[in-house]
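Please find below my note on this model. The points are numbered and follow the display.

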Amino acid sequence: MLKGKGGKPMEWNIIVGLVCTVLGAVISYATFSRGKGKDDRSDGQQIGTVLTELGYIKSNTDEIKAEQREQRKVNTTVEGRLAAVESSAKSAHHRIDRLEGVAHEEA
């Protein structure tokens with residue numbers, strides 16, 4: 001038997017317990033280190049996915065803004081043309097009213 005402090009023999013169950021405790025600590029540390037690496041990779045993938053999605057959202061927002069600017073230009077053009085048509089219709093109504101007045105006077 002092994003001898004401990006003071007020359008007393010150590011029991012095998014204590015030795016086995018100590019060896020198992022140390023082995024358990026080593027295995028726990030190895031597992032922790034391995035799991036941490038996987039977590040870091042997983043976090044990196046998630047961050048990459050989020051950044052990709054943000055880029056996609058930004059590009060779509062830029063496209064929507066560009067389309068909105070184009071639509072604003074079209075609306076401005078249509079407003080100008082509508083004003084011209086309204087003016088022309090008003091002028092035409094005045095001419096029609098004058099012609100109707102002449103036609104009623106002749107009748």
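Is K73 exposed or buried by its relative accessibility? K73 counts as exposed, because its relative accessibility is 53%; exposed means over 50% relative accessible area, buried under 20%, and partly exposed in between (1.4 Å probe, protein chains only).

1. Basis of the note. This is a predicted model, in which local features need pLDDT of at least 70 and side-chain atom pairs count only at pLDDT 80 or more, while totals for chains, interfaces and linings use all residues. Residues are numbered from 1 along each chain as its sequence is written, and side-chain values use heavy atoms, with hydrogens and water left out.

2. Overall fold. The protein has 1 helix and 0 strands; these are DSSP runs numbered from the N terminus (helices H or I, at least four residues; strands E, at least two). Helix α1 covers residues 12-106.

3. Surface. Of the 107 residues, 1% are buried. The accessible surface is about 9,800 Å², and carbon and sulfur atoms contribute 62% of that area. Areas come from the Shrake-Rupley method with a 1.4 Å probe; for residues, only the protein chains shown count as cover.

4. Salt bridges. The structure contains 2 salt bridges, each defined as a side-chain nitrogen of Lys or Arg within 4 Å of a carboxyl oxygen of Asp or Glu. K73 pairs with E70 at 3.8 Å, N to O; these residues are 3 apart in helix α1, about one turn. E70 is partly exposed, at 46% relative accessible area. K58 pairs with D62, with the closest N and O atoms 3.1 Å apart; both belong to helix α1, 4 residues apart, about one turn of the helix. K58 counts as exposed at 52%, whereas D62 is partly exposed at 37%.

5. Nonpolar patch. I47, V50, L51, L54, Y56 and I57 form a nonpolar surface patch with about 630 Å² of accessible area together. Patch residues have over 30% relative accessible area and no salt bridge; nonpolar side chains (Val, Leu, Ile, Met, Phe, Trp, Tyr) are joined within 5 Å, and like charges within 9 Å. L54, one of the patch residues, is located in helix α1.
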